[in-house]
Amino acid sequence: MSSTHVNRRSVISEAVAPWSEVAQLLRGGEAGTLIPVIIPRHRRRLWWMLPLWLGLFALLSSVMLTVRESGADGVSDTAYGALAGFSYTVGVLLLVLGLLWWWRSSIVEIEQGTHGVLTRYGAVTRTLDAGRHYLWHPWSRVDFVVDTATEIPYSAPVMACPTRENVPLRSIEFFLKFRITDAVLFVRTIGAGNFDLVLSSAVQDAIRQRARQVQTERAYDLRGSDVADMQELLNHLLSRYGVRITGSNIPDVQLPAQYQQHLATRERVAKERTAYDQEWGLTRKRRIDSLGMDIERAKKVRDARIVEVRAALNRAREEVAQLLEEQETNAQRVRFEIETRGRSGLIAAENEARAQRALAKAYRDNRAVLQYELARRRLDVGAELAAKAPRPVVVRTDGGGGDGSALSTLLAAQLLPRMTALPSGGSLPDGEDAARADAPEEGTW
């Protein structure tokens with residue numbers, strides 16, 4: 001594909017064509033031109049009214065001739081009758097021809113995937129869907145046929161687009177697809193020719209804004225990049241015209257010739273660098289392999305030395321274990337001697353303690369015997385002292401009157417000297433004991 005074909009911009013326009021060419025122009029268009037709107041060349045004129053008026057005139061003429069025939073005679077009657085029949089025939093044929101012409105001219109067939117904009121006296125009334133429609137009103141017509149189902153491809157290359165470093169790119173091709181969603185809004189607001197200018201300006205503005213955000217050396221990254229934000233911006237701008245963008249991308253970016261030479265030089269240098277890197281990689285691999293072999297030999301020497309060290313360590317451990325066993329044997333022997341001496345001392349102490357306990361028990365038993373003897377002797381001495389102790393005599397001296405009190409006082413006076421004269425171990429005579437036994441219990445002796 002040549003650069004001329006790549007950089008060719010799509011052109012959106014409208015065309016005037018007869019109904020037979022509407023489908024061909026909408027689907028194929030002209031060379032390099034996109035035609036989403038067709039203005040039909042109408043074959044509908046008011047000539048169909050001429051046979052109607054002539055037919056009415058012929059019928060009226062036949063009626064007049066019939067009336068004239070009724071007032072004529074002879075040959076005139078025959079002539080007027082023939083003219084009236086001819087006028088009737090011509091009038092009926094003209095009426096039928098006019099009606100057929102009116103019916104045929106009122107038929108409108110809208111192509112599938114398109115909408116027709118119906119006007120009456122020049123004002124838009126409604127849209128017609130795909131199919132056959134009958135426009136009986138003489139001044140109703142389809143002024144526009146708009147393709148609302150096809151996604152129309154549009155290519156808009158942007159020339160001399162500067163980057164962030166202000167380097168003008170040779171071209172950035174922007175490709176999009178759009179579809180007309182509102183036929184009436186599209187044809188009344190902007191039209192196909194003006195829409196081409198508006199869409200081209202909006203695309204160039206969006207592409208230039210995007211190019212200003214990238215560096216020149218990364219300009220090729222624009223190819224196939226995400227342009228969802230640009231599509232959203234274009235939809236926002238074109239929604240007022242009844243158009244919606246359905247898809248967009250950046251298929252190609254062309255840099256300036258001088259910059260392409262710089263890129264070629266950079267690519268050559270990059271290839272040479274890659275070759276040098278590969279050569280250095282091989283050299284480094286050989287050095288790494290040799291170092292690896294040295295490392296393996298060093299590892300083997302290290303392993304041998306480790307084995308020797310481990311053997312010496314095992315011998316040292318065996319010697320230490322033997323010394324520990326000897327020390328443990330000596331310690332066990334010393335422990336046994338100490339335990340033997342301790343047990344002997346413990347047994348001697350226990351025997352001595354048993355002897356002391358036995359001696360203490362003997363002392364305790366002797367003390368109990370002595371205490372018993374002492375207590376018994378105390379009881380004997382107390383009994384002897386109690387037997388020899390004088391007996392107290394208590395004379396009641398309370399002031400209670402009566403014969404009994406006087407008699408008691410007399411008896412006490414007689415007996416008191418005798419009692420004091422009695423020896424300490426003596427006893428009262430029988431009569432005194434009896435008198436004492438017979439004494440009243442109020443007093444205490």
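**View 1. Arginine 210, a residue of helix H6**. Arginine 210 counts as buried because its relative accessibility is 12%, where buried means under 20% relative accessible area, exposed means over 50% and partly exposed lies in between, with a 1.4 Å probe and protein chains only. This is a predicted model, in which local features need pLDDT of at least 70 and side-chain atom pairs count only at pLDDT 80 or more, while totals for chains, interfaces and linings use all residues. Residues are numbered from 1 along each chain as its sequence is written, and side-chain values use heavy atoms, with hydrogens and water left out. Not counting residues up to four places away in sequence, arginine 210 touches Leu222, Ser225, Asp226, Val227, Asp229 and Met230, contact being defined as heavy atoms within 4.5 Å.

**View 2. The open sheet of three strands, in the order S8-S9-S10**. Helices (H or I, at least four residues) and strands (E, at least two) are DSSP runs, numbered from the N terminus, and two strands pair if DSSP finds at least two bridges between them. The pairing in this sheet is antiparallel, and its edge strands are S8 (152-162) and S10 (243-254), each of which pairs on one side only. From one strand to the next, the twist averages 25°. Nine bridges join strand S9 (residues 168-180) to S10 in the antiparallel sense, and isoleucine 172 stands opposite valine 253 in S10.

**View 3. Helices H6 and H7 across the strands**. Helix H6 (residues 191-211) lies across S8, S9 and S10 and runs at about 50° to S8, whereas helix H7 (residues 228-238) lies across S9 and S10 and runs at about 135° to S10. For these angles, axes are lines fitted to C-alpha atoms, for helices over the stretch in contact, and the values run from 0 to 180 degrees between N-to-C directions. H6 also lies across S1 and strand S2 (33-40), running at about 175° to S1.

**View 4. The open sheet of five strands, in the order S1-S2-S7-S4-S5**. Here the pairing is mixed. Strand S1 (11-17) and strand S5 (123-128) stand at the edges with a single partner strand each, so one side of each is left without a neighbour in the sheet. The twist in this sheet averages 25° from one strand to the next. Strand S4 (residues 114-120) and S5 run antiparallel and are joined by five bridges, and glycine 116 stands opposite leucine 128 in S5.
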